[in-house]
Amino acid sequence: MKAIVTVTLKHGVLDPQGKAIGHALHTLGFTGVGEVRVGKLIELELPDQDPAQAKATAEDMARKLLANTVIESFKVEIA
Amino acid sequence: MKAAILLFPGINRERDMVLAVRQSFGHEPQIVWHKETALPPGTDLVILPGGFSFGDYLRCGAMAAHSPIMPAVQAHAARGGYVLGVCNGFQILTEAGLLPGALLRNASLRFLSMDTMLKVERADTVFTSKWQPGAIFRAPMAHGDGNYTADPATLDRLEGENLVAFRYADENRNGSARSIAGIFSPNLRVLGLMPHPENLVDPLMGGTDGKPLFDSLAAA
């Protein structure tokens with residue numbers, strides 16, 4: 001079973017990479033772009049058969065290592 | 001004061017730290033590989049040097065914070081042992097939960113490799129006793145992720161409990177909250193900071209501004 005963990009900086013935490021990308025998009029003429037936030041996507045192959053169990057496992061991994069919950073939030077999807 | 005210097009793959013300032021400790025302590029620190037599970041008997045001070053442990057993969061310090069040696073460091077800190085983390089070492093200490101907050105990408109997105117000026121916020125600790133309170137000293141910086149951040153309540157607590165160790169005194173180049181360059185644990189026995197005092201401990205390095213840190217520890 002595959003889990004997809006998306007990690008992003010919490011709202012309110014400055015995202016200088018997102019800001020730089022936003023500036024570049026404006027330069028390219030995409031003037032309507034608002035805030036840009038950058039994150040990470042981590043795909044995990046899990047042995048769990050039960051989607052709920054797989055989600056719980058991935059969330060445990062996210063809390064312990066994949067995300068730093070001081071500055072980041074995460075979302076787990078089971079594919 | 002018996003020092004152990006932790007070595008993680010990708011760390012590159014351990015020899016600078018050995019030199020600084022040797023000069024001030026008058027004896028050799030022990031280098032401890034991250035796969036060890038115990039500190040050398042009688043270790044008083046654990047030092048986490050700078051560098052790029054595990055290539056800064058995932059987040060700076062995230063992998064090192066879960067190395068086999070770290071439970072022993074947690075236990076050492078829990079019994080009131082001294083811990084010093086510089087640069088990547090500071091990042092590892094925050095990732096390990098031994099110090100609050102986190103180090104984000106520099107606000108400018110630029111790697112900073114230059115000297116900065118630091119203000120000593122308190123001189124009544126085992127790490128800072130050889131400075132005068134409020135002293136300002138020069139320290140080299142070399143980091144891409146030194147932008148200290150924490151939630152407002154944590155920042156207020158750090159200030160209220162007088163746990164800010166050093167602040168940037170000339171320019172806050174990395175964007176750190178409240179110009180914080182280094183912080184103490186509540187028992188004042190764990191110190192983390194981004195700049196490198198160990199790189200200014202000999203006239204041959206261009207100055208001895210960082211030496212009081214190690215002299216303070218040697219006198220403890």
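Reader: Why is the meeting of the side chains of A:E72 and B:R59 called a salt bridge?

Author: In this predicted model, the side chains of A:E72 and B:R59 are 3.6 Å apart, N to O. The rule asks for a side-chain nitrogen of Lys or Arg within 4 Å of a carboxyl oxygen of Asp or Glu, and therefore the pair of A:E72 and B:R59, at 3.6 Å, is a salt bridge. Across the interface of chain B and chain A the rule finds one salt bridge, while five residue pairs, both at pLDDT 80 or more, are in polar contact.

Reader: Which elements of chain B give two or more residues to the side that touches chain A, and how do the residues of that side divide?

Author: Those elements are strand 5 (102–104) and strand 8 (147–149) of chain B, and the residues of this side divide into six nonpolar, five polar and three charged.

Reader: What makes up the area buried between chain B and chain A?

Author: About 1,100 Å² is buried between the two chains, and carbon and sulfur atoms give 69% of this area. Of the part that chain B buries against chain A, 44% is supplied by B:L58, B:R59 and B:L104, more than by any other three residues. The contact takes 14 residues from chain B and 16 residues from chain A.

Reader: How do you know that strand 1 and strand 2 of chain B pair?

Author: Pairing needs at least two bridges, and four bridges join strand 1 (residues 3–7) to strand 2 (residues 30–33), so the two strands, which run parallel, are paired. B:I5 has B:I31 of strand 2 as its bridge partner. Together with helix 1 (residues 14–25), these strands of chain B make a right-handed β-α-β unit.

Definitions and conventions:
Residues numbered from 1 in each chain as written. Chains lettered and ligands numbered in written order. Predicted model: local features only at pLDDT ≥ 70, side-chain atom pairs only at ≥ 80, totals over all residues. Heavy atoms only, no water. Contact = heavy atoms within 4.5 Å. Buried area = accessible area lost by both parts, 1.4 Å probe. Polar contact = N/O pair within 3.5 Å; in protein donor to acceptor, adjacent residues only side chain to side chain. Nonpolar A, V, L, I, M, F, W, Y, C, P; charged D, E, K, R; others polar. Right-handed = clockwise from strand over helix to strand, strands pointing away.
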